[in-house]
Amino acid sequence: MKNKAVRRTLSILAVSAMMLGMVGCSGGSSGGDDASKESGSGDSGKTIGISMCAIESQMWAEYQESMHKACDDAGVKYTESIAENDVQKQNQQIEDFISQGVDAIIIAPADGDAVVSAIQKCNDAGIPVIMANRAAGEGAEVFATISSDNKEMVKREIQYVAENAPEGTKYKCLELVGSLTDVNAIARQEGFEEAIAEYPDMFELAATVPTEWKGDLALTGVQNAFASDDDINFIFNPSDALLPSIQSGLQQLGKYEKVGEDGHVTLVTFDGAADAVTAIREGYVDVVSVQDATEQGKLCVQAALDAIDGKEASDYTDPGFEVSTENCDTEYADFEGY
Amino acid sequence: MSIKKSLKSIDAIFWFVGVFFIISLIFVPGFAQFSAIKSLLSQTCVLMVLACGVHLTVLNGGVDFTSAALLALTTVVGGSIISTGGALGGSGLAIFLGIVVMLLLGAGFGIINGFSVVTFKMPSFIVTMATQMLVNGLAVVYTGGSSVTGMPAAFGSFGNGSIFVIPYILIIAVLVAVCIHILLTKTLLGRQLYAVGTNPKASLISGISTKKTIFKIYVISGLCAGIAGVIELAYMQSGSVNYGSTMFNDIMGSIIVGGTSPLGGRGKVINTVMGAFLITMIGSVLNILSVPYYMITLIKGLIILIAASLDLVKTKKSMAQ
């Protein structure tokens with residue numbers, strides 16, 4: 001009986017020590033771990049909360065790195081959370097930032113509409129919010145939105161393909177679509193469909209595959225689309241995060257050929273990841289529209305600093321640029337992607 | 001002597017929650033303030049209600065995967081009825097109707113699950129996994145994948161309002177937990193459920209209608225998911241097909257950390273409630289401390305693993321006795 005009581009007390013003490021250890025280890029995290037850093041020089045005493053939807057793509061990884069570097073350069077602390085594309089989790093993490101008492105919050109939302117409630121809480125707490133890459137839904141006040149001109153960028157890509165296609169070319173298109181809760185995915189889909197409607201004699205939409213930004217869905221989508229229509233010769237990919245799955249699908253089907261070779265499937269992609277730029281240089285991908293994640297990350301931090309300093313807000317729309325098999329070794333010879 | 005006795009009778013989960021809460025209050029900067037505690041209590045509500053419902057199915061030796069998925073379907077369907085952009089313009093009637101539909105949806109899928117488990121004698125994990133996929137699919141088809149926004153102000157202020165530090169939605173969640181606690185401890189259904197969970201064959205021989213018991217718990221679990229949907233919609237002020245997508249681990253974590261046996265027949269709902277609170281508090285505190293997200297997942301996983309191992313040791317000991 002006595003032993004039992006001792007064991008019980010010891011186990012509670014052990015758990016307490018473990019919890020204290022957890023709290024202690026993470027409490028002094030400045031400069032020590034990945035999630036919270038403090039610049040060595042010129043510390044302003046301010047902290048920016050960075051709420052990332054996910055970091056599964058090279059674009060988001062670059063975005064994140066750029067924000068970290070900008071914070072370090074500016075001498076501000078940052079604290080970061082990653083929501084694994086779970087909007088509920090992201091809302092909770094933003095609320096935790098409010099509890100933490102951060103001075104500004106940069107949100108890369110998994111879903112711009114579903115994050116409105118958390119932004120309203122930031123508004124109530126007087127903490128300025130900067131939207132990274134995706135706009136917020138209506139009903140909340142944001143200090144600035146840093147985003148890409150998705151629709152126009154996709155339209156320019158289609159224009160490039162149309163202008164470079166030999167006379168009489170007909171494209172049977174497979175369109176991949178990202179998450180339907182993502183305003184960027186919707187804008188890219190609309191941009192693509194509006195652009196091909198301008199060339200009705202050249203483009204025909206054969207299949208639309210929703211991917212939820214998941215590589216496995218993209219792979220099976222490509223396989224199924226070709227199984228039902230083997231004449232597909234054009235794929236619109238709304239994010240480089242899905243490119244490896246598409247490449248794998250085409251390789252399995254024996255259709256991964258270079259531009260100009262017989263059986264080449266025209267590949268138009270979006271983001272500007274290193275994989276895509278390499279594939280363009282190798283001749284397998286035709287064109288990628290690049291959103292400047294490095295610049296956007298920097299601008300998000302700048303906007304957060306402006307908000308903290310009480311300066312005027314200014315939105316920024318990244319016009320983007322296209323890297324293609326035509327210009328990858330000339331105009332953009334130095335661009336490696338990210 | 002009596003104090004010593006009553007201290008001994010307190011389950012381990014209460015000690016864990018108490019110790020972690022006090023340590024956090026003292027050592028975590030920003031945690032010991034009104035807004036942080038209110039936020040933590042609000043964050044716990046949905047998990048608490050869902051875990052209470054699934055707790056019943058686990059007591060029976062089963063599981064309910066549909067529960068978290070229903071969060072998505074009920075919020076998008078209910079949200080579209082309640083929304084100011086809906087046909088009823090966000091009126092009081094719209095709110096009432098939306099809530100009723102959400103509860104019916106939850107209970108309806110509970111009926112499908114219960115019926116399939118009882119009538120076709122299908123394992124609950126297969127049935128509820130299938131209905132989970134069905135529910136997810138329906139949510140996407142219903143909205144086309146987009147979120148539902150524009151909740152009326154009254155509904156929003158219910159979701160985010162509080163009496164001092166106690167959010168209104170927590171009162172609803174606690175009421176649900178109390179109802180299930182009474183059901184388990186004071187009613188025939190509760191006693192039958194423990195009996196069926198411990199030994200279904202013996203229960204059948206002793207005259208308990210196992211089919212009815214099992215059917216009822218899936219309906220209650222579905223109803224809990226409907227209530228959780230109402231809370232989620234009021235709190236988040238939007239419905240989304242993404243809600244609940246990563247929640248099932250936390251639901252099972254709450255139940256197992258609370259000491260409920262995954263094999264069925266043993267466990268208290270009050271401990272599951274504390275488990276939900278502990279799981280939410282760990283996530284929240286570690287977030288405030290800027291611990292990287294994947295580290296938080298790792299720590300939660302370790303805690304659940306330790307709790308499950310302790311349960312196994314406990315079960316083996318009681319079997320040996």
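**Start with chain A**

Select chain A: of its 338 residues, 51% count as buried, where buried means 20 or more other C-beta atoms within 10 Å of the residue's own, exposed means 12 or fewer, partly exposed is in between, and C-beta atoms are placed from the backbone. Before going on, note that this is a predicted model, in which local features need pLDDT of at least 70, side-chain atom pairs count only at pLDDT 80 or more, and totals for chains, interfaces and linings use all residues. Residues are numbered from 1 along each chain as its sequence is written, while chains are lettered from A and ligands numbered from 1 in the order in which they are written.

Switch to cartoon and chain A shows 10 helices and 13 strands; these are DSSP runs numbered from the N terminus, with helices being H or I of at least four residues and strands E of at least two. Among contacts in chain A with a separation of 6 or more, 74% are between residues 24 or more positions apart. A contact here needs C-beta atoms, placed from the backbone, within 7 Å.

Now pick A:Asn85, in the loop between E3 and H3 of chain A. A:Asn85 is not a glycine, yet its phi is positive, about 60°. It counts as buried because it has 23 C-beta neighbours inside 10 Å.

**Where the chains meet**

Show both chains: 41 residues of chain A are in contact with 38 residues of chain B. Which element supplies the largest share of chain A's side? That's H3(A), with 11 residues. By class, the side of chain A that touches chain B has 14 nonpolar, 18 polar and nine charged residues. Ala, Val, Leu, Ile, Met, Phe, Trp, Tyr, Cys and Pro count as nonpolar, Asp, Glu, Lys and Arg as charged, and the others, Gly among them, as polar.

Zoom in on H3 (residues 87-100) of chain A and H13 (residues 269-288) of chain B, whose axes come within 9 Å and cross at roughly 55°. Axes are lines fitted to C-alpha atoms, for helices over the stretch in contact, with angles from 0 to 180 degrees between N-to-C directions. Select A:Gln93, A:Asp96, A:Ser99 and A:Gln100 to see what meets B:Ser284, B:Asn287 and B:Ile288.

Next, B:Gln43, in helix H3 (residues 34-59) of chain B. Leaving out residues up to four places away in sequence, B:Gln43 touches A:Gln92, A:Glu95, B:Thr280 and B:Ser284. B:Gln43 counts as buried, with 24 C-beta neighbours inside 10 Å. Draw a distance from its C-alpha to that of B:Met281, 238 residues along the chain, and you get 9.0 Å.

**Along H13 of chain B**

Colour residues 269-288 of chain B: the stretch is 100% helix, with end C-alpha atoms 28 Å apart. On H8(B), pick B:Ala177, B:Ile180, B:His181 and B:Leu184; on H13(B), B:Val269, B:Ile270 and B:Val273. This contact has six nonpolar, one polar and no charged residues.

Last stop: B:Phe164, in the loop between strands E1 (162-163) and E2 (166-167) of chain B. Is it buried or exposed? B:Phe164 counts as exposed, with 7 C-beta neighbours inside 10 Å.

Definitions and conventions. Two residues are in contact if their C-beta atoms, placed from the backbone, lie within 7 Å.
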